[in-house]
Amino acid sequence: MLPATIDTPHFEQAANYTGRKEVAMPPVYTPERVARTVVRLVRRPRREVVVGPAGRALVRPSRMAPGLAERAMARHTDKTHLSVHEEAPATHGTLHVPAQGEGAVHGGWGGRRRTALRRTAIAATLAGAAVTAGRRMTRGTARA
């Protein structure tokens, strides 16, 4: 399974030697979305599954031109996955020591909110396109 950016505590728990604070690269998907995908895979196994449209958009170019896709992704990661404003000390993450606290599912990156905003934006865009298409069709019918 190849998930895109998932709203989990991964970013706080992973090792970081970049000197820059990690940021969840948009779009951020909910962990529940990944869990639903896992359940679907148990019911209907598949060789490879990508979670989220953004992940699918990244996989296609990497299959056609892997070197070019890797260079583009490295630039994109540098710009959107690592903060340009905040520094971070080098950390080992949970490699040698377990994470503090009881654990959490969500990382606080707004996966649910961002998913809702994306869906609203897509619905608004589709509605606008439908209205525009309807007006064009009406004008064409009125002229004939």
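Colleague: In which element is R36 found, and is R36 buried or exposed, or something in between?

Modeller: In this predicted model, R36 is found in helix α2. To judge its cover we look at relative accessible area, where under 20% means buried and over 50% means exposed; R36 has 44%, and it therefore counts as partly exposed.

Colleague: Which residues gather with R36 in a patch of positive charge?

Modeller: A charge patch is read by asking which residues of like charge come together on the surface, and here R36, R40, R44 and R46 gather in a patch that is positive.

Colleague: Which residues form a nonpolar patch on the surface, and how much accessible area do they have together?

Modeller: The nonpolar patch is formed by M1, V38 and V42, which together have about 270 Å² of accessible area. One of these residues, V38, lies in helix α2, and because its relative accessibility is 37%, V38 counts as partly exposed.

Colleague: Where is T30 found, and is T30 buried or exposed?

Modeller: T30 is found in the loop between β4 and α2, with α2 covering residues 31-43. Its relative accessibility is 10%, so T30 counts as buried.

Colleague: How should I read the peptide bond from P26 to P27?

Modeller: The general idea is that most peptide bonds are trans. The bond from P26 to P27, however, is cis, with omega near -5 degrees, and P27 is found in the loop between β3 (20-22) and β4 (28-29).

Colleague: How many helices and strands does the protein have, and in what order do the elements run?

Modeller: There are five helices and six strands in the protein. Reading from the N terminus on, the order is β-β-α-β-β-α-β-α-α-β-α.

Colleague: What share of the residues counts as buried, and what share of the contacts joins residues at least 24 apart?

Modeller: For burial, the protein has 144 residues, and 20% of them count as buried. For contacts, we consider those between residues at least 6 apart in sequence, and of these 76% join residues at least 24 apart.

Colleague: What is the accessible surface of the protein, and how much of it belongs to carbon and sulfur atoms?

Modeller: The accessible surface comes to about 10,600 Å², and carbon and sulfur atoms account for 60% of that surface.

Terms used. Residues are numbered from 1 along each chain as its sequence is written. This is a predicted model: local features need pLDDT of at least 70, side-chain atom pairs count only at pLDDT 80 or more; totals for chains, interfaces and linings use all residues. Side-chain values use heavy atoms; hydrogens and water are left out. Helices (H or I, at least four residues) and strands (E, at least two) are DSSP runs, numbered from the N terminus. Buried means under 20% relative accessible area, exposed over 50%, partly exposed in between (1.4 Å probe, protein chains only). Contact means heavy atoms within 4.5 Å. Accessible areas come from the Shrake-Rupley method with a 1.4 Å probe; for residues, only the protein chains shown count as cover. Patches are made of residues with over 30% relative accessible area and no salt bridge: like charges are joined within 9 Å, nonpolar side chains (Val, Leu, Ile, Met, Phe, Trp, Tyr) within 5 Å. A salt bridge is a side-chain nitrogen of Lys or Arg within 4 Å of a carboxyl oxygen of Asp or Glu. Lys and Arg count as positive and Asp and Glu as negative; His and the chain ends are not counted. The place of a charge is taken as NZ of Lys, CZ of Arg, CG of Asp or CD of Glu.
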